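Let's take a walk through this one together. Have a look at the picture first, and then we'll go through it piece by piece.

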There are 2 protein chains.
Amino acid sequence: MSDSSVVPETRVLAVASHVVSGYVGNKIAVFSLQSLGCDVAALNTVQFSNHTGYRQWTGSRVSAEEITELYRGLKQSYLDDFDMMLSGYVPGAAALEVVGRIGEELKRNAVAQGRPGSFFWVLDPVMGDNGNLYVAPDVVPVYKSLVPHADLVLPNQFEAELLSETPITSMESIGHAIQVLHQRYAIPHVVITSVSLPHPDHPVSSLSVVGSSMTSDRRARPFKIVFPAIDCYFSGTGDMFAALMCVRMREAVHELDERRNKAAVDGEEGSGEGARLMDRPSWLSDDDVDALDLPLARAAEKVLATMHEVLTKTAERMQETVEKARARLAAAEVDGAEEGSNVEEEKKRMHLLRSKAAELRLVRHLDSLRFPKVEFRATRL
Amino acid sequence: MSDSSVVPETRVLAVASHVVSGYVGNKIAVFSLQSLGCDVAALNTVQFSNHTGYRQWTGSRVSAEEITELYRGLKQSYLDDFDMMLSGYVPGAAALEVVGRIGEELKRNAVAQGRPGSFFWVLDPVMGDNGNLYVAPDVVPVYKSLVPHADLVLPNQFEAELLSETPITSMESIGHAIQVLHQRYAIPHVVITSVSLPHPDHPVSSLSVVGSSMTSDRRARPFKIVFPAIDCYFSGTGDMFAALMCVRMREAVHELDERRNKAAVDGEEGSGEGARLMDRPSWLSDDDVDALDLPLARAAEKVLATMHEVLTKTAERMQETVEKARARLAAAEVDGAEEGSNVEEEKKRMHLLRSKAAELRLVRHLDSLRFPKVEFRATRL
């Protein structure tokens, strides 16, 4: 009957898309955050039947005006007391600007109350992947204008190139891109996700994330975490990563404060100095904290552990499902029951089936969400 | 890393309202279902900033056409393979008719495939409470037309009166109302919630639910569960009850089948006869099963255990929060900082604060959701 939550009381505003069936956007973020104990206000920017990877869907977008109205509704009833904000996919530049103004206002309020650490904004700049922009070009400058107001930004490799205007072709150039992001945008925390760059020390089939929390003079403190790639395309992994980073960052900072507090009570030397990390602007660690000791690194390790467990389980199950379906379709063909169908139709049907089978199975693996086993550790870039 | 879910694989279509902040409708149902392991397709019928108990809110309703479109989107991608459907608040008669047709179609498909037990519809006929209708009058006949297609209906005392057209004034008359519901609508399972009727055997401050699964000739098998009332008004309790009944009914039937299957393997006498309960139409128990042995009774016991734990915790926390707020407001008054405010404004502010404090704290009590301790047992009506 006791409070079994992983994080301290945390009220999060999550702004992203909603799909009726399957797991992307807020459909994945809300459950991830809630299962770790967050009170989530979920502002859905679209309601689609399913994610766009199926190549067909129905539903509608929420307009910039509707987002403004929903936020006004929260404010008028004193429901805008958020500790964190997580912003993901927002349809179009106008709606994105509105979401940006919400983030800026919440940050401004926290500073005005003399409690700069009481609000933390995790911004996932959803623009594209693998060299392809999948939003309208006018969205890019809006994201560039928002990054300086966020606390943690989570671009993938392509989005990091767009924001930093720096080509990323090697693990060295990614370090440079992170330095540019800190310098230009004064963004305190950066994690570049799904980095796929060759490196002599990395196993052939691996991916990495590269993260950094800047120092007071905006120097990068980069670390990387290398993990095995799973040979399968999943939708929603970016959204899951962002949601989990949000809550695990909160947890890591809280744990550090608890440890320092305990050390101070025990009278240990060098402890208990300064305010709680969670009271500081952007929860930014002292300059003398090493890259590998950053709360951001601890958070990313746990997030990747969860992701790896859930993705492995999803891939296993997916293979079974797809093989069964293929056998069923083949049998139907032999029976002549599927006479009317042609090759194109069958290809489409297999694509739809594969898309469904690739939906992340996080609700079946709650323990992986809550208590992952950390295997992949942060190392120096 | 293993599957830690409470129920077997279960795909649920949940149709209800969505609020950005707080917990009613799908905001409560989706998390309740997911945390027990269900794959939930969440079709949101409204997106409001908060529930209407705050007396002010923003947001918009989804039209009957949009609901039709979303369902068409699911069908065209083979995403309509639901094991269960849970329907809650739907705005207006036209939208409710559309939702009803979805339920009817899914049921018809299951029967046409020769698998009548493969779809189970839990219908929460949201119409009103305590003698007050809070939907348009033309919604009532629509619900009456839908009940015969559902498997389990969960009216509160007032809604049971509306559907049965029978006044409920005593524990005796409630038994009569249940008999009328089975008889008139051929609805297999009924649970009447938040029953507040005096009875010599019940403690003064108690509530009860009264449930029944009919026999093959539509005779009621009524049971009741009496539990202590909590002196506080919460929103969303009906939605939470319905969502949990949905998943716990599935669990209870599955467990019974597992036990019978094991007994058959062990060669026990009288075991293993007939098909799995879950394969039968509406999962309806044999006529010789006693009211107190019904899966419906097992499910309701677990649901009430969870509800009691979560509500108790919410009430404790609420009291703290409201007392603190009152002290803060009183202090501000003494300081003269709130000079401009008048009595009406203060009353409104306290109402908003109390509404927020009364939001069900289920995300902080995941263990109560998943592993409740059953204290209140079903007894004869």
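Is Arg218(B) buried, exposed or partly exposed?

Arg218(B) turns out to be partly exposed, with a relative accessible area of 33%. Keep in mind that what you're looking at is a predicted model. You'll find Arg218(B) in the loop between strand 10 (206-213) and strand 11 (222-228) of chain B. Its backbone is worth a glance: Arg218(B) isn't a glycine, yet it has a positive phi of about 65°. Most residues other than glycine have a negative phi.

Arg55(B) is another case, with a positive phi near 75°. This arginine sits in the loop between strand 2 (39-48) and strand 3 (59-61) of chain B. Arg55(B) is exposed, and its relative accessible area is 67%.

## A strand covered on both sides

Now turn to strand 4 (residues 84-87) of chain B.

Four bridges join it to strand 1 (residues 11-19) of chain B, running parallel, and here Val12(B) stands opposite Met84(B). Another parallel pairing, again with four bridges, links strand 4 of chain B to strand 5 of chain B, where Met84(B) stands opposite Phe120(B).

## A helix with a buried face

Which residues of helix 4 (residues 139-146) of chain B are buried? They're Val139(B), Val140(B), Val142(B), Tyr143(B) and Leu146(B). Looking down the axis of helix 4 of chain B, these buried residues fall within an arc of 160°, so they line one face of the helix. Their cover includes helix 3 (93-112), strand 5 (120-123), strand 7 (132-133) and helix 5 (157-164) of chain B.

## How the two chains relate

Finally, step back to see both chains. Rotate chain A by 180°, with 0.0 Å of shift along the axis, and it superposes on chain B with an RMSD of 0.0 Å. That's the relation of a two-fold axis. Both copies use the same surface, as 100% of the contact residues of chain A recur in chain B. Within chain A, the residue that comes closest to the rotation axis is Phe31(A), at 3.4 Å (C-alpha).

Technical notes
Residues numbered from 1 in each chain as written. Chains lettered and ligands numbered in written order. Predicted model: local features only at pLDDT ≥ 70, side-chain atom pairs only at ≥ 80, totals over all residues. Heavy atoms only, no water. Least-squares fit on C-alpha atoms with pLDDT ≥ 70 in both. Contact = heavy atoms within 4.5 Å. Buried < 20%, exposed > 50% of the residue type's maximum accessible area, 1.4 Å probe, protein only. Helix = DSSP H or I, 4+ residues; strand = E, 2+ residues; numbered from the N terminus. Arc of directions from axis to C-beta. Pairing = 2+ DSSP bridges.
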